[in-house]
Amino acid sequence: AHIGSWEVAALVTGLKLESGLSVVNRPLDNPLLERELDRLRKLYGNHVFGKHNMVREMLTQLKKGGGVGILIDQRVREDQGVEVPFFGHPAWTHPVLARMARKTGAAVVPTFALREKPGLYTLRYDSPIVVDELTEAEREDVPLTTRYMKVLESAIRENPDQWLWYHDRWKQLRLAREQA
């Protein structure tokens, strides 16, 4: 998630994996900054791909045993997501993580690089969530995405000052209520 330094988490995790880490990204609006960030992301063997081909790219990486990094705390449109609780409010969330885990059997390892002091981070890998260990009902999009969001919510509650996502996660729901 957008907590601590997700860029540090991806770089260090990529170093630990033989084939690096494949990271889903949305290009920055500034092409000069995007080029520099892309260079840094690839510095230690990581691969970067955009959200437009993400399903195909994720499947390719996971089927060959590679790792994929994706930030799941983003708001999505109603037609792209599932509604799950986030901090006690329903939030539209992309179910791609649940679908990829279900399709490939890959474990989902919540990963956070939390700032201890300037320039010093602690990389935290939480317990893997393995779909093969869940019941059929727990493997569905909504319960599995809810489970992922609860892990994220817990990390944010522990480190609220390090959550850096300013976009309104509940915008569609708020607008729908205002229109009703």
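**Exercise 1. In which crossing, right-handed or left-handed, does H3 pass H4?**

Solution. The model is predicted: local features need pLDDT of at least 70, side-chain atom pairs count only at pLDDT 80 or more, and totals for chains, interfaces and linings use all residues. Residues are numbered from 1 along each chain as its sequence is written, and side-chain values use heavy atoms, with hydrogens and water left out.

Step 1. Locate the elements. Helices (H or I, at least four residues) and strands (E, at least two) are DSSP runs, numbered from the N terminus. H3 covers residues 54-63, and H4 covers residues 96-104.

Step 2. Describe the pair. The axes of H3 and H4 come within 11 Å and cross at roughly 35°. Axes are lines fitted to C-alpha atoms, for helices over the stretch in contact, and angles run from 0 to 180 degrees between N-to-C directions.

Step 3. H3 passes H4 in a right-handed crossing. A crossing is right-handed if the near helix is turned clockwise from the far one by less than a right angle, and left-handed if anticlockwise.

Step 4. List the residues. H3 contributes Met54, Val55, Met58, Leu59 and Leu62, and H4 contributes Val96, Met100, Lys103 and Thr104. Contact means heavy atoms within 4.5 Å. These residues divide into seven nonpolar, one polar and one charged. Ala, Val, Leu, Ile, Met, Phe, Trp, Tyr, Cys and Pro count as nonpolar, Asp, Glu, Lys and Arg as charged, and the others, Gly among them, as polar.

**Exercise 2. State at what angle H4 and H5 pack, and which residues make the contact.**

Solution. 

Step 1. H4 and H5 (residues 141-158) pack at about 110°, and their axes are 8 Å apart. H4 is therefore roughly perpendicular to H5. Angles of 65 to 115 degrees count as roughly perpendicular, under 35 as roughly parallel, over 145 as roughly antiparallel and the rest as oblique.

Step 2. This crossing of H4 past H5 is right-handed. Leu97, Ala98, Arg99, Ala101 and Arg102 of H4 meet Asp141, Leu144, Thr145 and Tyr148 of H5. The contact residues comprise five nonpolar, one polar and three charged.

**Exercise 3. Find which residues of H4 are buried and what covers them.**

Solution. 

Step 1. Val96, Leu97, Ala98, Met100 and Ala101 of H4 are buried. Buried means under 20% relative accessible area, exposed over 50%, and partly exposed in between (1.4 Å probe, protein chains only).

Step 2. The cover over the buried residues of H4 includes H3 and H5.

Step 3. Just after H4, Gly105 takes a positive phi of about 75°.
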